[in-house]
Amino acid sequence: KQWYQRRVAITAGDSFASNEVYDEAPGALTVGMVAASSHPLCSIYASGIINGFDGGVNRYDLKCTHVMAADYFGFNGNLPWFIYGSFDDYDGVRSLSAMTFFLGRTTPFEIQRGWMINDNGSKMKIFEGRSVSVGNSGCTLLFSENLLKVTCDPFTVYYDGFMSAHIDYTAKTSSGGSSKGIFNIGLCFDNLSGFRPNWQVRGGSGCSVTDFITCK
(Lines give C-alpha, C1' and ligand atoms only; values in the text may rest on other atoms or scores of the structure.)
Protein backbone atom coordinates (compact mmCIF):
# COMPACT_ATOMS: atom_id res chain seq x y z
CA LYS A 1 0.00 0.00 0.00
CA GLN A 2 1.07 3.58 -0.56
CA TRP A 3 -0.07 6.81 1.02
CA TYR A 4 -0.12 10.25 -0.58
CA GLN A 5 0.28 13.64 0.99
CA ARG A 6 0.21 17.09 -0.55
CA ARG A 7 3.29 19.22 -0.05
CA VAL A 8 3.20 22.90 -0.93
CA ALA A 9 5.97 25.46 -1.21
CA ILE A 10 5.63 29.11 -2.16
CA THR A 11 8.70 31.06 -3.18
CA ALA A 12 9.08 34.45 -4.87
CA GLY A 13 5.34 34.69 -5.38
CA ASP A 14 5.12 31.39 -7.28
CA SER A 15 3.55 28.27 -5.86
CA PHE A 16 4.74 24.72 -6.42
CA ALA A 17 2.79 21.68 -5.29
CA SER A 18 3.38 17.97 -5.64
CA ASN A 19 2.24 14.64 -4.26
CA GLU A 20 4.71 12.76 -2.09
CA VAL A 21 4.35 8.98 -1.88
CA TYR A 22 5.00 7.01 1.30
CA ASP A 23 5.29 3.27 1.92
CA GLU A 24 4.00 3.87 5.44
CA ALA A 25 1.29 6.24 6.66
CA PRO A 26 2.71 9.74 7.20
CA GLY A 27 2.99 10.82 10.82
CA ALA A 28 -0.17 12.26 12.31
CA LEU A 29 1.32 15.74 12.56
CA THR A 30 2.90 16.21 9.14
CA VAL A 31 0.23 18.31 7.40
CA GLY A 32 1.70 21.71 8.12
CA MET A 33 3.39 22.10 11.48
CA VAL A 34 0.52 21.08 13.76
CA ALA A 35 1.62 21.01 17.38
CA ALA A 36 1.28 17.77 19.35
CA SER A 37 -2.10 17.51 21.04
CA SER A 38 -3.38 16.03 24.29
CA HIS A 39 -6.75 15.47 22.61
CA PRO A 40 -7.94 12.69 20.28
CA LEU A 41 -6.69 13.46 16.77
CA CYS A 42 -8.09 12.24 13.46
CA SER A 43 -5.93 12.58 10.35
CA ILE A 44 -7.50 12.44 6.88
CA TYR A 45 -5.00 11.65 4.14
CA ALA A 46 -5.29 11.30 0.39
CA SER A 47 -6.10 7.89 -1.11
CA GLY A 48 -8.83 7.30 1.49
CA ILE A 49 -6.50 6.83 4.48
CA ILE A 50 -7.97 7.85 7.84
CA ASN A 51 -6.04 7.65 11.09
CA GLY A 52 -8.97 7.68 13.53
CA PHE A 53 -9.38 9.19 16.97
CA ASP A 54 -8.57 5.78 18.49
CA GLY A 55 -5.24 5.55 16.64
CA GLY A 56 -6.40 2.90 14.17
CA VAL A 57 -5.63 3.33 10.46
CA ASN A 58 -8.19 2.38 7.82
CA ARG A 59 -8.52 2.90 4.10
CA TYR A 60 -12.01 3.80 2.91
CA ASP A 61 -13.64 4.13 -0.49
CA LEU A 62 -14.59 7.83 -0.39
CA LYS A 63 -16.69 9.52 -3.05
CA CYS A 64 -18.78 12.66 -2.91
CA THR A 65 -19.58 13.58 0.74
CA HIS A 66 -19.18 11.68 4.05
CA VAL A 67 -19.59 12.42 7.76
CA MET A 68 -16.06 12.68 9.13
CA ALA A 69 -16.98 13.38 12.77
CA ALA A 70 -20.02 14.52 14.70
CA ASP A 71 -21.64 14.84 18.11
CA TYR A 72 -25.35 15.09 17.37
CA PHE A 73 -26.28 15.82 20.99
CA GLY A 74 -23.52 18.10 22.27
CA PHE A 75 -20.77 17.15 24.74
CA ASN A 76 -19.95 19.20 27.86
CA GLY A 77 -22.47 21.90 27.02
CA ASN A 78 -21.28 22.38 23.43
CA LEU A 79 -23.69 22.69 20.53
CA PRO A 80 -24.38 19.56 18.46
CA TRP A 81 -21.94 19.55 15.54
CA PHE A 82 -21.15 17.77 12.30
CA ILE A 83 -18.12 17.88 10.04
CA TYR A 84 -18.67 16.68 6.47
CA GLY A 85 -15.82 15.91 4.08
CA SER A 86 -16.19 16.04 0.30
CA PHE A 87 -13.85 14.02 -1.90
CA ASP A 88 -12.81 14.04 -5.55
CA ASP A 89 -9.90 12.94 -7.71
CA TYR A 90 -7.00 15.38 -7.55
CA ASP A 91 -3.85 14.61 -9.55
CA GLY A 92 -5.25 11.09 -9.92
CA VAL A 93 -5.60 10.56 -6.16
CA ARG A 94 -8.83 10.53 -4.13
CA SER A 95 -8.50 13.66 -1.99
CA LEU A 96 -10.32 15.93 0.44
CA SER A 97 -11.69 18.85 -1.60
CA ALA A 98 -13.89 20.55 1.02
CA MET A 99 -15.08 20.40 4.62
CA THR A 100 -18.49 21.65 5.79
CA PHE A 101 -19.19 22.60 9.41
CA PHE A 102 -22.57 22.51 11.16
CA LEU A 103 -22.90 23.74 14.77
CA GLY A 104 -26.38 23.69 16.29
CA ARG A 105 -28.73 26.06 14.50
CA THR A 106 -26.01 28.46 13.40
CA THR A 107 -25.35 29.05 9.70
CA PRO A 108 -23.12 26.30 8.22
CA PHE A 109 -19.88 27.25 6.48
CA GLU A 110 -17.46 25.44 4.21
CA ILE A 111 -13.73 25.51 3.51
CA GLN A 112 -12.65 24.46 0.03
CA ARG A 113 -9.58 23.52 -1.96
CA GLY A 114 -7.33 26.50 -2.50
CA TRP A 115 -8.11 27.84 1.01
CA MET A 116 -11.48 29.22 -0.12
CA ILE A 117 -14.19 29.87 2.49
CA ASN A 118 -17.90 29.70 1.67
CA ASP A 119 -19.76 31.70 4.31
CA ASN A 120 -23.52 31.43 3.71
CA GLY A 121 -23.03 31.38 -0.06
CA SER A 122 -20.49 34.20 -0.19
CA LYS A 123 -16.73 34.05 -0.56
CA MET A 124 -15.17 35.15 2.71
CA LYS A 125 -12.08 37.35 2.59
CA ILE A 126 -9.18 36.30 4.80
CA PHE A 127 -5.70 37.72 5.40
CA GLU A 128 -2.45 35.95 6.18
CA GLY A 129 -1.89 35.65 9.92
CA ARG A 130 -5.14 37.40 10.90
CA SER A 131 -7.83 35.49 12.83
CA VAL A 132 -11.43 36.16 11.72
CA SER A 133 -14.84 35.05 12.99
CA VAL A 134 -17.17 33.02 10.78
CA GLY A 135 -20.75 34.27 10.77
CA ASN A 136 -22.73 33.31 13.88
CA SER A 137 -20.98 29.93 14.30
CA GLY A 138 -18.70 31.03 17.14
CA CYS A 139 -15.75 29.65 15.13
CA THR A 140 -12.64 31.47 13.96
CA LEU A 141 -10.39 30.99 10.93
CA LEU A 142 -6.67 31.57 10.70
CA PHE A 143 -4.66 31.24 7.49
CA SER A 144 -0.94 30.96 8.17
CA GLU A 145 2.01 29.20 6.48
CA ASN A 146 -0.24 27.64 3.82
CA LEU A 147 -2.46 26.03 6.47
CA LEU A 148 -6.08 26.92 7.24
CA LYS A 149 -6.99 26.51 10.91
CA VAL A 150 -10.64 26.33 11.98
CA THR A 151 -11.19 26.76 15.73
CA CYS A 152 -14.59 25.95 17.26
CA ASP A 153 -15.43 25.15 20.88
CA PRO A 154 -15.56 21.32 20.48
CA PHE A 155 -12.78 20.92 17.88
CA THR A 156 -9.95 22.46 15.89
CA VAL A 157 -9.40 21.56 12.23
CA TYR A 158 -6.25 22.01 10.14
CA TYR A 159 -6.60 21.84 6.33
CA ASP A 160 -3.68 21.93 3.90
CA GLY A 161 -5.85 23.48 1.20
CA PHE A 162 -5.47 20.59 -1.24
CA MET A 163 -6.09 17.04 -0.02
CA SER A 164 -5.48 16.37 3.70
CA ALA A 165 -6.69 17.55 7.12
CA HIS A 166 -6.56 16.92 10.87
CA ILE A 167 -9.45 17.13 13.34
CA ASP A 168 -8.35 17.79 16.92
CA TYR A 169 -11.23 16.80 19.26
CA THR A 170 -10.54 19.45 21.88
CA ALA A 171 -13.72 18.72 23.87
CA LYS A 172 -12.10 15.45 25.04
CA THR A 173 -8.70 14.38 26.29
CA SER A 174 -6.71 11.42 25.04
CA SER A 175 -6.47 10.01 28.57
CA GLY A 176 -10.26 9.81 28.93
CA GLY A 177 -10.61 6.31 27.46
CA SER A 178 -12.46 5.75 24.20
CA SER A 179 -13.10 9.01 22.36
CA LYS A 180 -16.41 7.73 20.96
CA GLY A 181 -19.53 8.54 22.98
CA ILE A 182 -23.07 7.37 22.35
CA PHE A 183 -23.79 10.50 20.27
CA ASN A 184 -20.62 10.37 18.15
CA ILE A 185 -20.69 9.24 14.53
CA GLY A 186 -18.41 9.54 11.51
CA LEU A 187 -15.39 7.90 9.91
CA CYS A 188 -12.99 9.40 12.45
CA PHE A 189 -14.68 7.05 14.94
CA ASP A 190 -15.65 4.06 12.75
CA ASN A 191 -17.72 3.16 9.68
CA LEU A 192 -20.62 1.53 11.58
CA SER A 193 -23.06 3.56 9.53
CA GLY A 194 -25.99 1.24 8.95
CA PHE A 195 -27.57 1.87 5.56
CA ARG A 196 -25.12 4.69 4.78
CA PRO A 197 -21.97 3.13 3.28
CA ASN A 198 -18.89 4.65 4.97
CA TRP A 199 -21.11 7.41 6.44
CA GLN A 200 -21.85 8.79 3.00
CA VAL A 201 -24.45 11.58 3.15
CA ARG A 202 -24.56 12.81 -0.42
CA GLY A 203 -24.73 10.28 -3.18
CA GLY A 204 -25.85 10.40 -6.78
CA SER A 205 -24.32 9.41 -10.09
CA GLY A 206 -20.74 8.20 -9.70
CA CYS A 207 -20.89 8.17 -5.90
CA SER A 208 -21.28 4.45 -5.15
CA VAL A 209 -18.71 3.12 -2.66
CA THR A 210 -17.59 -0.23 -1.27
CA ASP A 211 -16.69 -1.27 2.29
CA PHE A 212 -13.48 -0.07 3.86
CA ILE A 213 -10.17 -1.93 3.70
CA THR A 214 -8.29 -2.16 7.00
CA CYS A 215 -4.60 -1.31 6.66
CA LYS A 216 -2.38 -3.84 8.42
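The model is predicted, so local features need pLDDT of at least 70 and side-chain atom pairs count only at pLDDT 80 or more, while totals for chains, interfaces and linings use all residues. Residues are numbered from 1 along each chain as its sequence is written, and side-chain values use heavy atoms, with hydrogens and water left out.

Let us begin with strand β6, which covers residues 64-71. Of the 8 residues in β6, 7 are buried, so the strand is largely enclosed by the rest of the structure. Buried means under 20% relative accessible area, exposed means over 50%, and partly exposed lies in between, using a 1.4 Å probe and protein chains only.

Which strands pair with β6? Two strands pair if DSSP finds at least two bridges between them. Strand β7 runs antiparallel to β6 and is joined to it by 7 bridges. Strand β18 also pairs with β6 in the antiparallel sense, over 2 bridges, and β17 runs antiparallel to β6 with 2 bridges. You can follow H66 as an example: its bridge partner in β7 is G85, and in β18 it stands opposite Q200.

Next comes the nonpolar core. This term means a set of buried Ala, Val, Leu, Ile, Met, Phe, Trp, Tyr and Cys residues joined through side-chain atoms within 4.5 Å. The largest such core has 48 residues, and those with the most contacts inside it are I44, M99, F101, I111, F155 and I167. Take M99 and look around it. Not counting residues up to four places away in sequence, M99 touches I44, I83, Y84, F109, E110, I111, V157, A165 and I167. A contact means heavy atoms within 4.5 Å.

Is E110 buried or exposed? At 16% relative accessibility, E110 counts as buried. This residue is found in strand β9, residues 109-112. Leaving aside neighbours within four places in sequence, E110 is in contact with A98, M99, T100, M116, I117 and N118. The side chain of E110 makes a polar contact with the side chain of T100 at 2.9 Å, and another with the side chain of Q112 at 2.7 Å. A polar contact is a pair of N or O atoms within 3.5 Å; within protein, one must be able to donate a hydrogen and the other to accept it, and residues adjacent in sequence count only if both atoms are side-chain atoms.

Now for the aromatic rings. A search of the whole structure finds 14 aromatic pairs. In the pair of Y84 and F102, the ring centres are 5.0 Å apart and the planes are at 55 degrees, so the pair is tilted. Rings of Phe, Tyr and Trp (its six-membered ring) pair if their centres lie within 6.5 Å, and planes under 30 degrees apart count as stacked, over 60 as edge-to-face and the rest as tilted. Y84 is in strand β7 and F102 is in strand β8, 18 residues apart, and their pair links distant parts of the chain. Y84 is buried at 17% relative accessible area, whereas F102 is partly exposed at 23%. Elsewhere, F53, W81, F101, F109, F155, Y169 and F189 form one aromatic cluster.

Rings can also have a charge over them. This is counted if NZ of Lys or CZ of Arg is within 6 Å of the ring centre and within 35 degrees of the ring normal. The charged end of R113 sits over the ring of Y90, 4.2 Å from its centre, and R130 lies over the face of F127, at 4.5 Å from the ring centre.

Our last stop is D190, in the loop between β17 and β18. With a relative accessible area of 15%, D190 is buried. A polar contact of 2.6 Å joins its side chain to that of K180, and a polar atom of the D190 side chain lies 3.1 Å from the backbone nitrogen of L192.

How values were computed: Helices (H or I, at least four residues) and strands (E, at least two) are DSSP runs, numbered from the N terminus.
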